[in-house]
Protein chains: 2
Amino acid sequence: MTIADSHLDLGDPLPIDGTAIQMRLAEAAIDLFYERGALATTVRDITHACGLTPGALYNHFASKDHLLYLVVRDIHRQVDEQLGVLLAGVGDDPTAQLTAAVKFLVSHTAGFKKRSRVANREFTLLTGSRRQEVTALRRHLRDRFAEVILAGAHRGQFQLVGGQDLGAATMHAATITTMCVRISEWTLVNYPLTMEDLQDQHAELALRMLGVRRD
Amino acid sequence: MTIADSHLDLGDPLPIDGTAIQMRLAEAAIDLFYERGALATTVRDITHACGLTPGALYNHFASKDHLLYLVVRDIHRQVDEQLGVLLAGVGDDPTAQLTAAVKFLVSHTAGFKKRSRVANREFTLLTGSRRQEVTALRRHLRDRFAEVILAGAHRGQFQLVGGQDLGAATMHAATITTMCVRISEWTLVNYPLTMEDLQDQHAELALRMLGVRRD
């Protein structure tokens, strides 16, 4: 699928290309995984929340782990793909790209807090090839940031801590994405900021880390 | 206990003031909690790792949850108390204090990776008054950073994103402590840095976030 074909919007029902009943089960599962973690959530909890018998889940997913895998994978796919679309549309100036990317990620971690927290906490429960697939998606997302940062370093827009190379760019990318992801762990009542303020402040912190001076 | 009375060093056996057998069980538990999470770790796993029968754990802890609580609480207590000792000894210059505090936290999250990850991931499993106690310790640690940051803002050393007030100082403190804690999640093979480089780079990133200019 090319970027132009993208149909994945943030907040679209999960799993991608799922059936209506799969989406209902997945939505209930995300609520429960967010509240108590996937390990402590039973198949019975999920089906009960949908008014179904426990056995009904197995008509639509191979197992609870399979449901978790699809949900976690597809949250990552939505974010990664939408970020790609955004970066392709914002022009080739690294400072503008980095600013847009940070604001986008904040819009997900603060605007879709349940999904963000489930994706970023519960992926550690996945094993084998499922874990590898999600880890690859996470690296891909981080590397999108690293690529922008390295381009900015090469153009002299960014002065990285530790050197103007890929290693330093990756370290900054990981630090900046973590900063954004952390928002999904906040008790937002402690930080009474609007979405726009959150986005602006995190973009400013990211640019500061990259050595950009604004005055 | 006053700071001068402190006997809590990073890496000291846990739980604090525990018996030798409690410490053996706790060390095995930390390894297992780190590898697979506390929820997926059974009492049998812990006692087996110590060459004991499952029932033996209950001679030394009320339950697996009690063991988890003591371990998580005491890791936080060690870090918080040692940070207090450090800050008291480093003089009253906010830039020097902030630099020392970041380097200290990095020395824990990178040097005691298992403990750091267990404390920062598994505390979410605690409930009721135990959770409240650990949350209070985490806030106390964060507020030590916020206090230094606010002092630096008032002296004109730091230019905070969002204003020179306690709210902004707390936001920066949370961002900086999260940045340091994240190191415990790294696959360090991807970041072949010495401890000194890790400390220096994270201190530099923190000062950049605080608007400090070095040249």
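In chain A, 72% of the contacts with a separation of 6 or more are between residues 24 or more positions apart; two residues are in contact if their C-beta atoms, placed from the backbone, lie within 7 Å. This is a predicted model, in which local features need pLDDT of at least 70 and side-chain atom pairs count only at pLDDT 80 or more, while totals for chains, interfaces and linings use all residues. Residues are numbered from 1 along each chain as its sequence is written, and chains are lettered from A and ligands numbered from 1 in the order in which they are written.

**Chain A as a whole**

- Chain A contains eight helices and zero strands; helices (H or I, at least four residues) and strands (E, at least two) are DSSP runs, numbered from the N terminus.
- Along the principal axes, the C-alpha atoms of chain A fill a box of roughly 60 × 40 × 30 Å.
- Of the 215 residues in chain A, 41% are buried; a residue is buried if 20 or more other C-beta atoms lie within 10 Å of its own, exposed if 12 or fewer, and partly exposed in between.

**Relation and interface of the two chains**

- Chain A is superposed on chain B by a rotation of 180° with 0.0 Å of shift along its axis (RMSD 0.0 Å), using least squares on the C-alpha atoms of residues with pLDDT of at least 70 in both.
- That is the relation of a two-fold axis.
- In the interface, 16 residues of chain A are in contact with 16 residues of chain B.
- Helix H7 (166–181) and helix H8 (195–209) of chain A each supply at least two residues of the side that touches chain B, and the largest share, five residues, comes from H8(A).
- That side of chain A divides into eight nonpolar, five polar and three charged residues, where Ala, Val, Leu, Ile, Met, Phe, Trp, Tyr, Cys and Pro count as nonpolar, Asp, Glu, Lys and Arg as charged, and the others, Gly among them, as polar.
- The copies meet through the same surface, because 100% of the interface residues of chain A are also interface residues in chain B.

- H7(A) is largely enclosed by the rest of the structure, because 12 of its 16 residues are buried; among them are A:His172, A:Met179 and A:Cys180.
- The cover over the buried residues of H7(A) includes H4, H5, H6 and H8 of chain A, together with H7 and H8 of chain B.
- The largest nonpolar core has 120 residues, of which A:Val71, A:Ala101, A:Ile149, B:Val71, B:Ala101 and B:Ile149 touch the most other members; such a core is a set of buried Ala, Val, Leu, Ile, Met, Phe, Trp, Tyr and Cys residues joined through C-beta atoms within 7 Å.
- Leaving aside its neighbours within four places in sequence, B:Ile149 is in contact with B:Leu98, B:Phe158, B:Ala169, B:His172, B:Ala173 and B:Leu210.

- Most residues other than glycine have a negative phi, and most peptide bonds are trans.
- A cis peptide bond joins A:Leu14 and A:Pro15, with omega about -5°; A:Pro15 lies in the segment before H1 of chain A.
- A:Asp17 has a positive phi, near 65°, and is exposed, with 8 other C-beta atoms within 10 Å.
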